[in-house]
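My notes follow in the order in which I looked things up.

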Amino acid sequence: MVQLSGVRRDSITHLPILEDFRKNFFITVGRLRYPVIVGINIKNFKYFNQIYGFESGNLLLRRMADHFCFLNPDCRLASRIFGDHILVLMEAYAPDEIGIQEELEIICRDFCREADQEFTQTHIHISCGAHFVCKHDRQFDVILDRVRYAQKESRDEYKSSVVFYSKQLEEKILCEARVLPMFEQALEDGRILLYLQPKFSVDEQKLIGAEALARIRDREGDILAPSYFVPLLEKSGMVSELDRRMVHLIVDAMQDWMKQGIGLFTVSVNLSRLDFMQEGFLDEIIAYIQQAGVPERFIEFELTETVFCENLDRIVSQIKRLRALGFRISMDDFGSGFNSLDVIGLVPADVIKFDRSFVLHSLRSKTGQEVMRSLMEMFQRIDFEVLCEGIETRDEEQLVRACGCNQVQGYLHDRPLSVQAFTEKYLYP
């Protein structure tokens, strides 16, 4: 690292403070052929401090400064900007993002391995955002924002510790930044909408249930699909707010149907892993359903295997509680993951929903059809109902029926409809 005289240094890491890093940044960049600025921080550093205390946290920060800065032969300038966040200006030997990414991955991996050996009660992860500084980059704060965009993506990405800035990444993050306030305002304004997609019996060609799907009406009146907002709500931890509202909307619709003398049918709604981890969430929605007088057997909770990635015992016990109260449980997206059979063997459920991609792949060959037929026979033998999602043609419907599935959902029968449209089309005599 370039030795600077007369700079003020952080008392813990002995790195220059941000103000002096900023003063020397463009001077140092001008001497480098391929300058790369890298932002580094430790994921869940607060958790480390809780386990080991602040003295050990400071020791880890010093080790971090040594590893990424003082002992890094490519480091030319560095600073601790706050907390566990360090900026490193490195010199690359070619304008090669992949090469630098691989080099940084090795540096991160070595640091994490050494830290884990010393601090055995935690597992250290590094977030690392990088940006090649070009001759057009003249504003330090803009450069710093780009590093932060890449770091934010790195925090959400567990396959890789290192993410490079791109314009597409910036646009994605800015879009996400708009979605959360938009969702919160939509909650407040009553612009979260309930849509229903019918489920059909193949043999009788009649309605047997529906899946509840969320939509948002924006301020311009456009209807936003779940793909626009659900992944971000899951990532931000706000998905439980959506799930709670969806349960309320379903129950309210069922109350209206009962008042009109319309017979109820099963409606399924998604629950996320966070719903099971949030204290009191299940108690709240159970109370809302029971106070409304909606029989539990008409509510089906859909779960994906990602629900069971952690705290399996706790989640399974809560699912057993739901079933004991009379609610139905379905396992969604069977065939889309790697551990579906493992999960199904552990989780008490009523329905297995075959994912569309798995269904289409299986239907392409006689062997695939035989595999699907065998799976369906096995599930039905142990008292699971089976439903195939995403059925779009009559041929697909007949093929899955030949494999043993009598329940389907998909555009062949209908797209998701607003509650009013669904009621008028399927429930009025």
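**The sheet.** I began with an open sheet of five strands, and I read its order as β2-β3-β1-β4-β5, with mixed pairing. I took two strands as paired if DSSP finds at least two bridges between them. My helices (H or I, at least four residues) and strands (E, at least two) are DSSP runs, numbered from the N terminus. β2 and β5 (162-164) stand at the edges with a single partner strand each, so one side of each has no neighbour in the sheet. I found that the twist averages 20 degrees from one strand to the next. Angles here run from 0 to 180 degrees between N-to-C directions, and axes are lines fitted to C-alpha atoms, for helices over the stretch in contact.

**What I am reading from.** This is a predicted model, in which local features need pLDDT of at least 70 and side-chain atom pairs count only at pLDDT 80 or more, while totals for chains, interfaces and linings use all residues. Residues are numbered from 1 along each chain as its sequence is written, and side-chain values use heavy atoms, with hydrogens and water left out.

**Strand pairs.** β2 (residues 75-82) and β3 (residues 85-92) are antiparallel and share six bridges. In this pair I found S79 opposite L87 of β3. The hairpin of β2 and β3 has two residues between the strands, and there G83 takes a positive phi near 50 degrees. On its other pairing, β3 runs antiparallel to β1 (residues 34-42), with seven bridges joining the two. Y34 stands opposite A92 of β3.

How covered is β2? I counted it as mostly covered, since six of its eight residues are buried. Buried means under 20% relative accessible area, exposed over 50%, and partly exposed in between (1.4 Å probe, protein chains only). A reminder to myself: in a regular strand the side chains alternate between the two faces of the sheet.

I then looked up T28, which lies in helix α1. T28 is buried because its relative accessibility is 3%. Leaving out residues up to four places away in sequence, T28 touches R76, L77 and L89.

Is D20 buried or exposed? It is buried, with a relative accessible area of 5%. With residues up to four places away in sequence set aside, D20 touches V7 and R8.

**α3 against α4.** Helix α3 (residues 54-70) packs on helix α4 (residues 97-118) at an angle of about 150 degrees, with the axes 11 Å apart. That makes the two helices, α3 and α4, roughly antiparallel. My cut-offs are under 35 degrees for roughly parallel, over 145 for roughly antiparallel, 65 to 115 for roughly perpendicular, and oblique for the rest. From α3, the residues L59, L60, R63, M64, H67 and F68 meet I107, C108, D110, F111, E114, A115 and E118 of α4. By class, I noted eight nonpolar, one polar and four charged residues in the contact of α3 with α4. Ala, Val, Leu, Ile, Met, Phe, Trp, Tyr, Cys and Pro count as nonpolar, Asp, Glu, Lys and Arg as charged, and the others, Gly among them, as polar.

**α6 against α7.** I found α6 and α7 packed at an angle of about 85 degrees, with axes 10 Å apart. They are therefore roughly perpendicular to each other. K172, C175, E176, V179, L180, M182 and F183 of α6 make the contact with Y228, F229, L232, L233, K235 and S236 of α7. The residues of this contact divide into nine nonpolar, one polar and three charged.

In α7 (residues 226-236) I noted F229, V230, L232 and L233 as buried. Their cover includes α6 (167-189), β7 (206-217), β8 (223-224) and α8 (239-259). Just after α7, G237 takes a positive phi of about 85 degrees.

**The whole chain.** Last, I stepped back. The protein chain has 16 helices and 15 strands, and buried residues make up 52% of its 429 residues.

Definitions and conventions:
Contact = heavy atoms within 4.5 Å.
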